[in-house]
Amino acid sequence: MKNEEILELFYSSFQKGDAQGMSACYHDSVTFTDPAFGQLTGKEVGAMWGMLLSRKESELKIEYSGISTTEKSGEAQWIATYKYGPEKRSVVNKIRSRFKFRDDKIIEQVDDFDLWAWSRQALGPVGFLLGWTPFLRNKIQWMARKALTEYMNDQNDKNPN
């Protein structure tokens, strides 16, 4: 499979809410980095998408464009539109993804977005006032990692193998 086809499969699976389809695009040794989770490795990456897609608080809309690839790397832009948190605040998050490939799989993904812009939308006044600070960035990463660990533990309890 060509790298462009891998990214098309990844994002079309994302649009369908298919975390397993997304995970199938990843190498076993994948690393993922973004402002909300920090760095994830291996099974954590697929579990993150599973967790995010399992949240049923609101309709998630994914749009992607600008897929371009070379033999070893690629990039794309995507927009996630959803409601966040108990207040169901509207979030439109614009993300730039960069990829590296190995063995016809994604070995590295780096997602970049404006965390302050995200926090202003998702967290309201607190995000507006503190979203640019290392304190809030660390708190967001801590909460995201905690939620992921709990999700993975719950999945392991449901499927002990």
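What follows walks through the sheet, the first helix, a nonpolar patch and some salt bridges of this structure. The model is a predicted one, in which local features need pLDDT of at least 70 and side-chain atom pairs count only at pLDDT 80 or more, while totals for chains, interfaces and linings use all residues. Residues are numbered from 1 along each chain as its sequence is written, and side-chain values use heavy atoms, with hydrogens and water left out.

Start with the sheet. Six strands line up in an open sheet in the order S2-S1-S6-S5-S4-S3, and the pairing is mixed. Strands here are DSSP runs of E with at least two residues, and helices are runs of H or I with at least four, both numbered from the N terminus; two strands pair if DSSP finds at least two bridges between them. S2 (38-41) and S3 sit at the edges with a single partner strand each, so one side of each has no neighbour in the sheet. On average, neighbouring strands are turned by 15° against each other, direction ignored; the axes behind that angle are lines fitted to C-alpha atoms.

A hairpin of 3 residues takes the chain from S3 to S4, and Ser65 faces Gln77 of S4 across the pair. As a general point, side chains in a regular strand alternate between the two faces of the sheet.

Now for the helices. H1 (residues 3-16) has 14 residues and spans 20 Å from first to last C-alpha, close to the 20 Å expected, where the expected span is 1.5 Å times one less than the number of residues. Several H1 residues are buried, among them Ile6, Leu7, Phe10, Tyr11 and Phe14. Buried means under 20% relative accessible area, exposed over 50%, and partly exposed in between (1.4 Å probe, protein chains only).

Helix H5 (residues 125-130) gives the largest share, 4 residues, of a nonpolar patch. The patch covers about 760 Å² and is made by Trp116, Val126, Phe128, Leu129, Leu130, Trp132 and Phe135. Patch members have over 30% relative accessible area and no salt bridge; nonpolar side chains (Val, Leu, Ile, Met, Phe, Trp, Tyr) are joined within 5 Å, and like charges within 9 Å. The areas come from the Shrake-Rupley method with a 1.4 Å probe. Phe128 lies in H5 and is partly exposed at 49%.

Finally, the structure holds 7 salt bridges, each a side-chain nitrogen of Lys or Arg within 4 Å of a carboxyl oxygen of Asp or Glu. One of them links Asp154 to Lys158 at 3.4 Å, N to O. Both residues belong to helix H6 (residues 134-158) and sit 4 residues apart, about one turn. An α-helix has 3.6 residues a turn, so residues three or four places apart point the same way. Asp154 is partly exposed at 35%, whereas Lys158 is exposed at 54%. Arg89 and Glu87 also pair up, with 3.4 Å between the closest N and O atoms; Arg89 is partly exposed at 25% and Glu87 exposed at 52%. In another bridge, Glu108 meets Lys100 at 4.0 Å, with Glu108 partly exposed at 26% and Lys100 partly exposed at 44%.

Conventions
Axes are lines fitted to C-alpha atoms, for helices over the stretch in contact, and angles run from 0 to 180 degrees between N-to-C directions.
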